[in-house]
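Open the model in your viewer and keep the sequence beside it. We will go stop by stop, selecting a few residues each time.

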Amino acid sequence: MASIILKYKNKKIKINVKKTNFISKFTGLMFRTKETDNLLFNFSSDIKIDFTSLFVFFPFLIIWLDENNKVLGSRIVKSFEPVIMARYNFRKVVEIPISLKNKKAINFFVGKKERFKFFRR
């Protein structure tokens with residue numbers, strides 16, 4: 001397990017992540033539970049590829065980063081979305097399952113009002 005410091009709106013947050021390997025870059029959060037580790041996808045150069053949440057059974061936050069860990073964009077992804085289009089060329093991506101253990105990170109990126117609907121159960 002590693003950690004990464006993300007820069008967003010002149011603020012910083014430290015997030016624990018598990019670095020993906022060649023195979024896990026293809027599967028990501030598929031077939032896992034929402035209590036799984038946050039995933040870091042690291043690419044050797046800027047890239048613009050689409051993601052999917054097919055076979056991901058919980059919502060998650062996807063964050064696109066540049067090479068200096070500056071946040072380029074983020075959004076909440078629902079289960080079974082066939083295509084999650086990137087709007088940016090990016091160097092890294094972090095996938096954060098929406099779970100109580102990630103409440104601080106979700107609140108940081110999404111805000112309390114929006115976050116409430118995910119944690120009120």
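The tour below starts with the sheet, moves through hairpins, helix and cores, and ends at the salt bridges.

**Before you start**

This is a predicted model, in which local features need pLDDT of at least 70 and side-chain atom pairs count only at pLDDT 80 or more, while totals for chains, interfaces and linings use all residues. Residues are numbered from 1 along each chain as its sequence is written, and side-chain values use heavy atoms, with hydrogens and water left out.

**Stop 1: the sheet**

Switch to a cartoon view. Helices (H or I, at least four residues) and strands (E, at least two) are DSSP runs, numbered from the N terminus. Find the open sheet of six strands, in the order β1-β2-β3-β6-β4-β5. Its pairing is mixed; two strands count as paired if DSSP finds at least two bridges between them. Strands of a sheet pair through backbone hydrogen bonds, either parallel or antiparallel.

Now look at the edges. β1 and β5 (71–77) stand there with a single partner strand each, so one side of each has no neighbour in the sheet. On average, neighbouring strands are turned by 35° against each other, direction ignored. Such angles are taken between axes, which are lines fitted to C-alpha atoms (for helices over the stretch in contact), and run from 0 to 180 degrees between N-to-C directions.

**Stop 2: the β1–β2 hairpin**

Select residues 2–8, which are strand β1. β1 pairs with β2 in the antiparallel sense, over seven bridges. The two strands form a hairpin with two residues between them. Click K9 in the turn: its phi is positive, about 50°. Y8 has K11 of β2 as its bridge partner.

Stay in β1 and pick I5. The scale is simple: buried is under 20% relative accessible area, exposed is over 50%, and partly exposed is in between (1.4 Å probe, protein chains only). Leaving aside neighbours within four places in sequence, I5 is in contact (heavy atoms within 4.5 Å) with K12, I13, K14 and N69.

**Stop 3: the β4–β5 hairpin**

Go to β4 and β5, which run antiparallel and are joined by six bridges. They form a hairpin with five residues between them. N69 sits in the turn, with a positive phi of about 65°.

**Stop 4: helix α2**

Select 103–110 for α2. The helix lies across β1, β2, β4, β5 and β6, at about 130° to β2. Colour A105, I106 and F109: these residues of α2 are buried. Look down the axis of α2: its buried residues fall within an arc of 100°, so they line one face of the helix. That arc is taken from the directions from the helix axis to the C-beta atoms. After α2 comes G111, with a positive phi near 95°.

**Stop 5: the cores**

A nonpolar core is a set of buried Ala, Val, Leu, Ile, Met, Phe, Trp, Tyr and Cys residues joined through side-chain atoms within 4.5 Å. The largest one has 17 residues. Select L6, I15, I63, I96 and F109, which have the most contacts inside it. β1, β2 (11–19), β4 (60–65), β6 (90–97) and α2 each supply at least two of its residues. A second, separate core has 16 residues, including F41, F43, W64 and V93.

Centre on L6. Beyond residues up to four places away in sequence, its contacts include I13, I15, I63, V71 and F109.

**Stop 6: T20**

Move to T20, in the loop between β2 and α1 (24–27). T20 is buried, at 14% relative accessible area. Among its contacts are K25, L39 and F41.

**Stop 7: the salt bridges**

How many salt bridges does a search of the whole structure find? The search finds two, each with a side-chain nitrogen of Lys or Arg within 4 Å of a carboxyl oxygen of Asp or Glu.

Show D46 and R91, which meet at 3.2 Å, N to O. D46 is in strand β3 (residues 39–47) and R91 in strand β6, so the pair ties together parts 45 residues apart in sequence. D46 is partly exposed at 45% relative accessibility, and R91 is partly exposed at 22%.

Finish with R75 and E81, whose side chains meet at 2.7 Å, N to O. R75 is partly exposed at 28%, whereas E81 is buried at 17%.
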